[in-house]
Every structure is written in C-alpha cells, then in structure tokens.
Amino acid sequence: MDDLSFSEMLKMQYNLWEKNKDSWSPLEPEYARDSILWMMAEVGEVIDIIKKCGEKAIVSDEEIKASLIEEMCDVLMYFNDTLLKYNISSKDIAAAYYKKHNKNMQRNFENEGKRFAKNLKS
C-alpha cells in the first residue's frame with residue numbers, strides 16, 4: 001500500500017476504537033478534547049525526536065526516521081479519533097482541505113507577515 005485516504009484512515013481508526021471500546025472513551029463530542037490533548041502530546045514526541053536527533057539524522061538514519069514516522073502516525077491517529085468524535089466525515093475534511101488549500105494559493109504570505117509585524121510594533 002503506497003497511499004492512504006481520509007476515508008481509509010477513519011475506517012481504520014474506527015476499527016481500532018471498536019476493538020478497544022470497553023476501555024476507551026466513547027466516540028462522542030465531549031471526549032474530542034481529550035483526543036486533541038493526546039494528539040498534542042504526540043506532537044511533543046515528534047518535536048523531541050527533531051530536537052534530540054536533528055534533521056540530518058532523520059533523513060540519513062532509517063531507525064530515527066522510522067521513529068519520527070511512527071510518532072507522526074500517532075498524531076494522525078488522534079486527529080482521526082477527533083474527527084470521529086465530532087462526526088466529521090472524510091468528505092467533510094476533504095472539502096474543507098481543498099477549500100483551505102485554494103484560499104492559501106491566493107494568499108501572499110510575505111505581505112501578511114510584514115503587516116503582522118507592523119501591527120505588533122504599533
């Protein structure tokens with residue numbers, strides 16, 4: 001398998017939840033914040049690898065790269081868990097992603113950064 005869609009990831013995450021539903025929180029909105037917090041903890045683990053190993057090691061050492069990828073997968077799993085808890089479908093996230101991408105393609109990030117810096121000085 002060389003590609004993975006939003007719908008496949010959501011299905012996989014649901015199957016994992018189904019297997020563990022007796023000990024995991026329900027797929028309900030009030031538990032989504034916990035998934036976001038766990039996701040941020042996993043982002044911290046990604047950051048730790050980057051800080052401790054550095055970019056050169058990540059791209060040249062297969063074991064370090066594999067560790068980084070595993071932690072990034074944990075981030076995606078909690079992200080998908082959050083989507084499930086908020087009942088956000090793969091179609092919902094895909095439509096929003098395309099819309100945001102198209103918006104970003106029209107933006108001038110350099111000018112926005114200059115305006116932001118100017119406003120900070122004011």
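In this report, Ala, Val, Leu, Ile, Met, Phe, Trp, Tyr, Cys and Pro count as nonpolar, Asp, Glu, Lys and Arg as charged, and the others, Gly among them, as polar. The structure described is a predicted model.

The residues in question are Asp-3, Leu-4, Met-9, Met-12, Gln-13, Leu-16, Cys-73, Leu-76, Met-77 and Asn-80. Two or more residues of this lining are given by each of helix H1 (6-20) and H3. The space within the largest pocket is about 270 Å³.

The second largest pocket has 13 lining residues, and those nearest its centre are Trp-24, Ser-35, Trp-38, Tyr-78 and Asp-81. Here H1, H2 and H3 are the elements that supply two or more residues to the lining. H3 provides the largest share, with 5 residues.

| Pocket | Volume | Lining by class |
|---|---|---|
| Second largest pocket | about 240 Å³ | 6 nonpolar, 3 polar and 4 charged residues |

**Packing of helices H2 and H3**

Helix H2 comprises residues 32-60 and helix H3 comprises residues 62-85; the two pack at an angle of about 160°, and their axes are 8 Å apart. Since an angle over 145 degrees counts as roughly antiparallel, H2 is roughly antiparallel to H3. The crossing in which H2 passes H3 is left-handed. Sorted by class, the residues in the contact of H2 with H3 are 17 nonpolar, 4 polar and 8 charged.

**Aromatic pairs**

A pair of aromatic rings is described by two quantities, the distance of the centres and the angle of the planes. Rings of Phe, Tyr and Trp are taken as a pair if their centres lie within 6.5 Å, and by this rule the count comes to 3 aromatic pairs. One of them is formed by Tyr-14 and Trp-17, whose ring centres are 5.7 Å apart and whose planes stand at 40°, so the pair is tilted. Both residues belong to helix H1, where they are 3 residues apart and therefore separated by about one helical turn.

Note on methods: Residues numbered from 1 in each chain as written. Predicted model: local features only at pLDDT ≥ 70, side-chain atom pairs only at ≥ 80, totals over all residues. Heavy atoms only, no water. Axes fitted to C-alpha atoms, helices over the stretch in contact; angles between N-to-C directions. Helix = DSSP H or I, 4+ residues; strand = E, 2+ residues; numbered from the N terminus. Parallel < 35°, antiparallel > 145°, perpendicular 65-115°, else oblique. Left-handed = near helix turned anticlockwise from the far one by under 90°. 1 Å grid on protein atoms, 1.4 Å probe; cavity = no way out; pocket = protein on both sides within 12 Å on 5 of 7 lines; lining within 4 Å. Points joined across faces, edges and corners; volume = space filled by probe spheres on them. Phe/Tyr/Trp six-rings, centres within 6.5 Å; stacked < 30°, edge-to-face > 60°.
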